[in-house]
Amino acid sequence: MRTTAPRRRARRTLPGAGAAVALLIAATGALAGCSADGAKSGGERGAQAAPRWNTAPASVAAVGDSITRGFDACSVLADCPEASWATGDDPEVHSLAARLLGEAEAPSRSWNYAVTGSRMADLPGQLASAAAHQPGLVTVMVGSNDACRPSASSMTPVAAFRSGFEKALAGLRAASPASQVYVSSVPDLQRLWEQGKDDPMVRQIWKLGICQSMLAEPTSTAATATARREQVRARVVEYNEALREVCAKDELCRYDGGAVFQYPFAADQLSHWDWFHPGKDGQARLAELAHRQVTSPQPPR
């Protein structure tokens, strides 16, 4: 009797032990984020943990070059920040800040640190100034002056352009980790050349020294002139690819997908003083493009 009783107890308790083990395994799996379909549960949890793009940032800081300063949009050879696509208060432009924050709030919650003539090497300093405000959104439009040099051979090397952007973005992240970044592509400088090259007055203005790597000898069809323009355009394409790749590594950075580069600027959207920088109409188109992409739940494809 004493030999059979333990066996009966063992047989009776085995099913309970199995259930306990099963419950333990299930609980362990749940804690580890596992489910019947393997890694799916953990993947969903990871996706939820990633920061989400805020389509309604509460403040805007702008950095970059002459385009963001509204250069030549209001008067000859002068900045016109009130006409800036990013932070201006001109109702004809209806800037990104005005669209996001409202015209009444935009002046007190937006800042423009762009500087005419700036290149990628100047971006870290501008972003440092912007970061002091802990802005909800920072707009970046830079690269035109890296391509617009006295000659094609003096354009900023792509490697230096890329490392400069990496350094600038890293500095912003250290100073203002939660700031979102909207990065505009560099405009197609060759298209801008095409809009003004046949106008004698425009050609005289371009001789003052505007973007000579692209605009020198504007009517020349010689092989050397054609090759030079193509070289500049190719460099702009490479800059845009560098902007895209660096931005893609930052969860709170959104590249415009080449929207500005691809935009078909017409002559009436360019400055009536230099036919190269955007006029008020062109600035308004830039604001419209940016607003559409900043307020989209998904980044451009």
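The buried residues of helix 10 are where I start: among them are Ala-225, Arg-228, Arg-229, Val-232, Tyr-239, Leu-243 and Cys-247. Buried means under 20% relative accessible area, with a 1.4 Å probe and protein chains only. Helices are DSSP runs of H or I with at least four residues, strands are E runs of at least two, and both are numbered from the N terminus.

This is a predicted model, where local features need pLDDT of at least 70 and side-chain atom pairs count only at pLDDT 80 or more, while totals for chains, interfaces and linings use all residues. Residues are numbered from 1 along each chain as its sequence is written, and side-chain values use heavy atoms, leaving out hydrogens and water.

Back to helix 10. Its 26 residues should span 38 Å at 1.5 Å a residue, and its end C-alpha atoms are 37 Å apart, which agrees. The expected span is 1.5 Å times one less than the number of residues.

Next, the core. The largest nonpolar core has 68 residues, and those with the most contacts inside it are Trp-85, Leu-123, Val-183, Leu-189 and Phe-276. Helix 10, residues 223–248, gives the largest share of this core, seven residues. A nonpolar core here is a set of buried Ala, Val, Leu, Ile, Met, Phe, Trp, Tyr and Cys residues joined through side-chain atoms within 4.5 Å.

Take Val-183. Leaving aside neighbours within four places in sequence, Val-183 is in contact (heavy atoms within 4.5 Å) with residues including Leu-243, Cys-247 and Arg-254.

Now the rings. How many aromatic pairs does a search of the whole structure find? There are three. Rings of Phe, Tyr and Trp (its six-membered ring) pair if their centres lie within 6.5 Å; planes under 30 degrees apart count as stacked, over 60 as edge-to-face, and the rest as tilted. Trp-85 and Tyr-182 are edge-to-face, because their centres are 6.5 Å apart and their planes at 65 degrees. Trp-85 sits in the loop between strand 1 (60–64) and helix 3 (96–101), and Tyr-182 in strand 4 (residues 180–183), so this pair ties together parts 97 residues apart in sequence. Trp-85 is buried, at 1% relative accessible area, and Tyr-182 is buried with 1%. Another edge-to-face pair is Tyr-263 with Phe-265, at 4.8 Å centre to centre and 70 degrees between the planes.

Last, Gly-70. It belongs to the loop between strand 1 and helix 3, and Gly-70 is buried at 0%. The C-alpha atoms of Gly-70 and Cys-80 are separated by 4.6 Å, though 10 residues apart along the chain.

Note on methods
Buried < 20%, exposed > 50% of the residue type's maximum accessible area, 1.4 Å probe, protein only.
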